[in-house]
Structures are given as structure tokens and as C-alpha cells.
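Student: Please show me the structure, and then let us go through it by question and answer.

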Amino acid sequence: MTARSKFITGVAVLTASLAMTVAGRAADMALRGSLPVHEDSGPNWTGVYGGVHGGIGSMTADTQAMARREAERLLNGLYYLNPTAGVAAPTFINVDPVRGTPVMFGVFAGYQAQFEDAVIGFEVDYNRIARGGGGSRTWTQPFAVLYAQTGFTDAFSQSTTVRASLTDYFTARLRAGWAYGRVMPYMTAGLAIARGNTSVSYQAGYERIDTDAGDAVDWTQAYGDLVNSTRASNGVIGFGFALGTGVEALITNNIFARAEYQYLRIPSLGGVPVTLHAVRAGVGIKY
């Protein structure tokens with residue numbers, strides 16, 4: 001007989017012995033008329049659980065810093081980045097955040113233990129963004145910036161387009177709740193890892209105007225691109241944290257429904273800070 005078979009056999013024998021002992025004592029107490037009355041202590045929230053959920057959120061991706069960094073990278077070594085007078089060209093870039101209304105679905109699983117009315121546990125969840133997880137913003141400089149140099153002045157202009165999207169994320173969180181019979185409000189806090197896509201396009205150029213009075217010639221050089229670049233990063237990973245609160249209700253002793261709010265913060269998803277506020281509803285089974 002293998003060790004596994006011996007273990008299973010031992011558990012079965014022990015379980016049968018305990019069942020026979022309890023049954024015998026109950027029968028004996030019933031014959032004596034002293035069988036205690038059962039007191040219902042309410043549902044037990046302890047156990048392993050899992051389920052599915054879906055929801056909608058509000059996402060903000062702050063792409064301003066990414067756009068300025070890209071301009072600085074492309075203008076490196078050029079006069080417009082470090083002029084002797086005036087303001088560096090990237091300082092003028094002012095891109096609105098990318099906003100989205102993501103629709104999501106996912107799965108969750110965890111374990112929790114009840115201590116009187118307090119319920120403490122650990123939960124993980126995976127969330128997939130079905131649609132609305134990002135977008136794009138375009139900014140074009142509304143005026144030309146004049147950079148005066150020896151003998152000429154450049155009328156500099158620039159534009160940028162940024163894109164950012166969240167595709168999915170995973171969280172691992174601690175959970176604490178308080179049981180009121182079949183209803184339990186709870187709070188969560190933990191770590192998060194997210195995946196998404198980003199891209200940035202930057203275009204800059206100038207029109208050069210003659211300012212040298214001694215050359216006896218007035219001339220203007222037509223506008224031309226100085227830099228024109230697009231850089232994309234797909235499947236970038238970012239780490240952050242997740243906070244939340246919600247309420248669960250036991251439909252039966254094993255099936256429950258939940259509604260919750262979750263706050264997700266990823267300081268850098270490919271260089272883009274991402275914030276997500278989500279409301280979700282789900283259903284699960286407790287074992």
C-alpha cells in the first residue's frame with residue numbers, strides 16, 4: 001500500500017470512527033431526554049472562494065511627460081533645446097490627458113477566515129479590458145517661437161500626438177470585512193501589475209528668416225521638418241497598487257454576489273502614469 005493510499009484510508013477510518021462516536025452519543029442523550037437544542041450561529045464566511053465579475057471604469061493617462069521627453073530626445077544637441085535666450089521648445093508642449101471609459105470583465109479567487117464577526121483574507125483577480133481602455137491626444141503649437149541666432153532667426157513650430165491604452169491588469173490584495181449575518185462589507189489593499197500600449201509622434205521644423213543687414217540680401221527659407229518621428233511600445237508592463245471597498249451578500253450558504261469599487265494606480269506604464277476608477281459586480285462560489 002502506498003503512502004497516499006494509507007493516508008486516505010486513515011482519514012476515512014478516522015472520519016467513520018468520529019461519526020459513529022457522535023451518533024452514539026446523540027442517540028444516548030436522546031434516550032435520556034437531554035439532547036441539547038441546536039443554536040444557529042449564522043452563516044460561516046470561512047473558506048476558499050472564486051468567481052467572475054464585470055464592470056466599467058474611468059481611466060486617465062497623463063501623457064504630458066512622455067511627449068516632452070520625446071521632444072527632448074529628438075532635439076538633443078540642437079539649439080532649440082538649449083537656447084542662449086528664451087525658453088526651450090519642449091517646455092511649450094501642453095498635451096491633455098488621455099481619458100477612457102473602459103468596459104472590463106475578469107475572474108477572482110481567494111481565501112478568507114472568520115473570527116467571530118471579523119473576516120480576514122487574501123484575494124487575487126485578473127481583469128481584461130474589452131473596450132474603451134485608452135485613446136489619443138494631439139497638440140499643435142498655436143504660434144511660432146522665434147529663436148534669434150547670428151545672422152538669422154528661426155520661426156520654430158512643433159506638434160505631437162500621444163496614444164495610451166490599458167489592455168489588462170492583475171492584483172493581489174489583502175481583504176478585511178465585518179460580517180452582519182449574510183451581508184459583509186469589506187475593504188481591500190494590495191499590489192497591481194498592468195499591461196498596455198503607448199506611442200508618441202513628434203514633428204518639429206522651422207522657417208528661417210534673414211536678419212543680417214550686412215549681406216545686402218533679404219531671404220526667407222521655407223518651412224522644413226527638422227525632426228519627424230513616431231515611436232510605439234506595445235505590451236509594456238507597469239507596477240503599482242490597488243485599493244478598494246465593497247459589499248458581499250450570501251444568496252445561499254455557498255453562492256454569493258458582490259458589488260465593489262476599485263482604485264488602481266500605475267505610476268509608469270511605459271512612461272505614462274495611469275489611474276483607473278472602476279465599479280464592478282460579480283458572483284462567486286465559496287467552498
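Tutor: A259 has A281, in β11, as its bridge partner. Residues are numbered from 1 along each chain as its sequence is written. This is a predicted model, where local features need pLDDT of at least 70, side-chain atom pairs count only at pLDDT 80 or more, and totals for chains, interfaces and linings use all residues, while side-chain values use heavy atoms, with hydrogens and water left out.

Student: How many bridges join β10 to β11?

Tutor: Strands are DSSP runs (E, at least two residues), numbered from the N terminus. Two strands pair if DSSP finds at least two bridges between them. β10 and β11 run antiparallel, and the number of bridges joining them is 13.

Student: Is A278 buried or exposed?

Tutor: A278 lies in strand β11 (residues 272-286). Buried means under 20% relative accessible area, exposed over 50%, and partly exposed in between (1.4 Å probe, protein chains only). Because its relative accessible area is 1%, A278 is buried.

Student: What separates the C-alpha atoms of A278 and S58?

Tutor: Contact means heavy atoms within 4.5 Å. Leaving aside neighbours within four places in sequence, A278 has contacts that include I56, G57 and M104. A278 and S58 are 220 residues apart along the chain, and the separation of their C-alpha atoms is 6.4 Å.

Note on methods: Helix = DSSP H or I, 4+ residues; strand = E, 2+ residues; numbered from the N terminus.
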